[in-house]
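Please consult both while reading.

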Amino acid sequence: MISRRALETATAVLTGSFGLAVIVSSLDNGIGWGSDGVDAGTFPFITGVIILAGSLYNLLRGLSGIGVAISRTDLRRIAGLFVPAAMFVGAIPFAGMYLASAGYIFGVLALPKHRSLPRALIIALATPLALYIVFERMFQVSLPHGGLAAALGY
Amino acid sequence: MENFQSLLHGFTIALSLQHLALMVVGVLLGILVGVLPGLGAPNGVSLLLPLTFGMQPVSAIILLSSMYWGALFGGSVTSILFNIPGEPSSVATTFDGYPMAREGKSTTALATAFGSAAFGALVGVILITFLASWVAQVALAFGPAEYFAVYFLAFASFVGMGGAAPMKTVVALAIGFAIAAIGIDTVSGSVRLTMGVDELVKGVSFVVAVMGLFGIGELLIAVEEDIHARAVSSRIDWREVFRAVARLPKHGTALLRSAAIGCWMGITPGGPTAASFMSYGIAKRFSRRGRYFGSGEVEGIIAPETADHAAGTSALLPMLSLGIPGSATAAVMMGGLMIWGLNPGPMLFIDQKDFVWGLIASMYVGNIVAVVLVLLTVPVFAALMRIPFVVIAPLIVIVCAVGAYSVSNSYLDVVLMLGFGVVGYLFKKLSYPLAPLVLAIVIGDKAEDAFRQSMLMSKGSLAIFFDNRLVTSLVVAGFALLLLPLALQVLRLLRGDADTSGEKVRII
Amino acid sequence: MKTTPAFLLPAAMLALAGAMPAQAAWQPQKPIEFVATAGPGGGTDNLARAVQNIITKYKLTDQPVVVVNKAGGSGAEGYVYGKASAGDPYKVIFGTSNAWQQPLVSKVAFNYTDLTPIAAMAQDEFLLWVKQDAPYKTAGDYLKAAASGDFKMGGAQSKDTDEVLTRMIEKAGHVKITYIPFKSGAEAAVQLAGGHIDSHVNNPSESAGQWRGGTQRPLCAFSPKRLPEGPKVTATEGWSDVPTCIEQGINIPQYEQPRTVWLPGKVTSEQAGYYVDLMKKVQATAEWKDYIEKSSQVDTFLTGEAFDAFIKQDLEHVRQVAAEQGWLVK
């Protein structure tokens, strides 16, 4: 369970730290506005200041937030979607796009028993096949094959 | 009337059986790359380009431009069905198209989008046919100061209309600008805001941001709201396709206004993206049902789609008459023109009459072919909505990952995309508006470049923005649009009206 | 390094015996990726695609060749990608002189020494362009008018070839010119046609259309001798009618931009040798000659020590300009 107050605060801190990072790194580029034009860091610096100031304002406003933003069941459902998705993305460098997507689909369909085993298997195999035909064959866009494929010599 | 005769001659070239077949092939391929996020018209065009070397130049350009039409149409499909805009110019279509599809009216939404898109394209082609030389002159009047004024106008028409908390809007907008600034800066050549990640020197692609913010973010919202429990009825109804198209003339004002904005932004090099945002913003201001925008309004689909296609079509004109590509696809086509031995530029209209008028005639025919084909596919796409959420959700994640990766074959982009997904969820949940963020990512750096180029020219003086009538009127129009909502608010307060915006407004 | 799977050996041997001289021991075994450090339609992209077409047409390799664009950061994206692919002989990077110029002036995360040089395949010339109705007829007139100090020169990118040349003109002509960077030469050409800038230094192919269309004309070419005679561009004039800048009193005898080809670092000399041979074969075709003529470039082929020497010389020269302007990265 996450309260609205906590969520508002966390988001404001997130945007605020991005603003701070923008300010710091824009100083490297130099800020200034003279007869030789506007320096590279000037606008990023200004946007950084605006982000930081706005985030502070939102932070203070957010502290007065009341009620529950995400309930326990909500959170479970979100995690149920996001965690496998993150694992899929994490697996791409090793397993490659094709294996990772097949495993991902099979995992989310067969393990919670949303679909029967054979149907999950069919969808899990059809997806990377379709990807391969359209991307690799038709449009010659090479998707990552992963460390595993490289180790096998592909 | 000379143009009219040339056009008729062009039709005799374009209407051969071989050329019609090429159009069908081109359009179908275009729809495919348009629908698949991560692939776009440039992919398709550069794929087909080598095949065209043996063809007559006019056949080759017909094939490539048909593909361009198909991709423009296809780009709206995923925006409407899954809230994933495949092209920058179809972001604004998600604002009302997606809510409408969620209500189970995906057929209506798609047919409306395609119908108004075809209208926009038609207006764009008519403009090219009859005003080509005038239009070319207008485009030449645009220097850096005028460019900046056009971008400013686009921002002004859009900002301050989302109904979100002002400070949240400001933060979202500023974050967009900062993201746009990441990478190498055109004006100084220096590397900015990479924060120690070498790969970020290439910048953050719009596609990566949007796949996450809209695609993944919306999935997370949907799963939280337990959307799959709400069955979305999506009957396949052919008659609805025609009914939706037949209803379009009722929105004549919106169509004409959006087409005008689209053509204007296509010629002045604002481009289709700025055009669709601006058209949406202005439609919301001036439509009688403006306050319902964002919850599935028909005019909220008509406005961006018409303007997008009008701009996309008229953007081909600068390419032909001046030799500046108005878009990435136009750039690839221009490369093709040179390989076929044609030099884009003012002389093309004199030296290569058959080519130019064959192409222009093919724009009429090609768009008709495209809209017929794309309307035929509506029920197929609408049927996608019947796939259960548990199956479609991982497929969307995969499509977003593939899309983010294929922008520049970079794994970092996939990770960034997922991060943007979390941000998209948080922002949606807490009513931060996403539209200003996306608009700033797309045209923020262009606006900054134009501003700083102007400052180089004027040696740091802002007077350059009031230097001539054109730029002055653009800037004044921008300020007027910016201040209009404020003025209305003040007026309402003075009259003592109660705030009427009490209804649930969807934050966009 | 991975070894060739046993079952592929006979095929590789056949190919070896059939087409290759004995020293080319290495053959590609999987698809080759051409990385263009420019967007679709740019000069470098056109080159990569032209080479791809020639290779495919003459079946110069059995493996498919795909072109990917990595144009981000003025091409830095492509070079960084090349650096990250060290040891991978299936990535061929197509670039320009910015492979060694860019690291001098901006903090990009690569240097040309991270890559294996293959060849410089073509040279693009530079010309000084003015608006068609501009009052000056010669480069001398131009310099006189530029002495007012209000002249604006447009060009592609910042601290890149176009700006370096602008600073050289300033020095040679003792004038001060404001340089306005745009995204590409094509944009600069349109700005000139609209009268927003006074001149630019585009390559012939970038502005041929506008010259033909009568919106702008070249004053002089930054080349030791006049450009080769080709077909007429306008009704009366062709590239060989453009005087050299030395003739006209701007003492810049030579300024060219090579189109360069690289492999990632840490590849073997056999692998590099394979691509040098491949590019040589490409250059011998009629299609290549056609491409060179249509894009108004100069045919050249530098490889090995000659290429290294060229890089060193150019680098020294650019370093000098960059130091004078205070552009060098700390």
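The model is predicted: local features need pLDDT of at least 70, side-chain atom pairs count only at pLDDT 80 or more, and totals for chains, interfaces and linings use all residues. Residues are numbered from 1 along each chain as its sequence is written, while chains are lettered from A and ligands numbered from 1 in the order in which they are written.

**Sheet of chain C**

- Chain C holds an open sheet of 6 strands with mixed pairing, in the order β2-β1-β3-β10-β4-β11. Strands (E, at least two residues) and helices (H or I, at least four) are DSSP runs numbered from the N terminus, and two strands pair if DSSP finds at least two bridges between them.
- The edges are formed by β2 (65-69) and β11 (298-303) of chain C; each has a single partner strand, so one side of each lacks a neighbour in the sheet.
- On average, neighbouring strands of this sheet are turned by 20 degrees against each other, direction ignored.
- Strands β1 (residues 32-36) and β3 (residues 91-95) of chain C pair in the parallel sense over 4 bridges. F34(C) has V92(C) in β3(C) as its bridge partner.

**Helices on the sheet**

- Helix α2 (residues 43-57) of chain C packs on the sheet and touches β1, β2, β3, β4 (115-125) and β10 (256-264) of chain C. Contact here requires C-beta atoms, placed from the backbone, within 7 Å.
- The direction of α2 of chain C makes about 170 degrees with that of β2(C). Axes are lines fitted to C-alpha atoms, for helices over the stretch in contact, and angles run from 0 to 180 degrees between N-to-C directions.
- Helix α3 (residues 76-84) of chain C lies across β1, β3, β4 and β10 of chain C, at about 150 degrees to β3(C).

**Buried elements of chain C**

- In strand β6 (residues 152-156) of chain C, 4 of the 5 residues are buried. A residue is buried if 20 or more other C-beta atoms, placed from the backbone, lie within 10 Å of its own, exposed if 12 or fewer, and partly exposed in between.
- β6(C) pairs with strand β7 (residues 178-182) of chain C in the parallel sense over 5 bridges, and M153(C) has Y179(C) in β7(C) as its bridge partner.
- Helix α8 (residues 204-212) of chain C has 8 of its 9 residues buried, including W211(C) and R212(C).
- The cover over the buried residues of α8(C) includes β4, β5 (127-131), α7 (185-193) and β9 (216-221) of chain C.
- Just after α8(C), G214(C) takes a positive phi of about 75 degrees.

**Contact of chains A and B**

- Chain B gives 50 residues to the contact and chain A gives 56.
- On the side of chain B that touches chain A, α18(B) supplies the largest share, 11 residues.
- That side of chain B has 35 nonpolar, 6 polar and 9 charged residues. Ala, Val, Leu, Ile, Met, Phe, Trp, Tyr, Cys and Pro count as nonpolar, Asp, Glu, Lys and Arg as charged, and the others, Gly among them, as polar.

**Within chains A and B**

- The axes of helices α6 (residues 106-140) and α13 (residues 298-314) of chain B come within 7 Å and cross at roughly 35 degrees.
- Residues of the contact of α6(B) with α13(B) comprise 14 nonpolar, 8 polar and 2 charged.
- L125(A) lies in helix α4 (residues 117-138) of chain A and is partly exposed, with 13 other C-beta atoms within 10 Å.

Notes
Contact = placed C-beta atoms within 7 Å.
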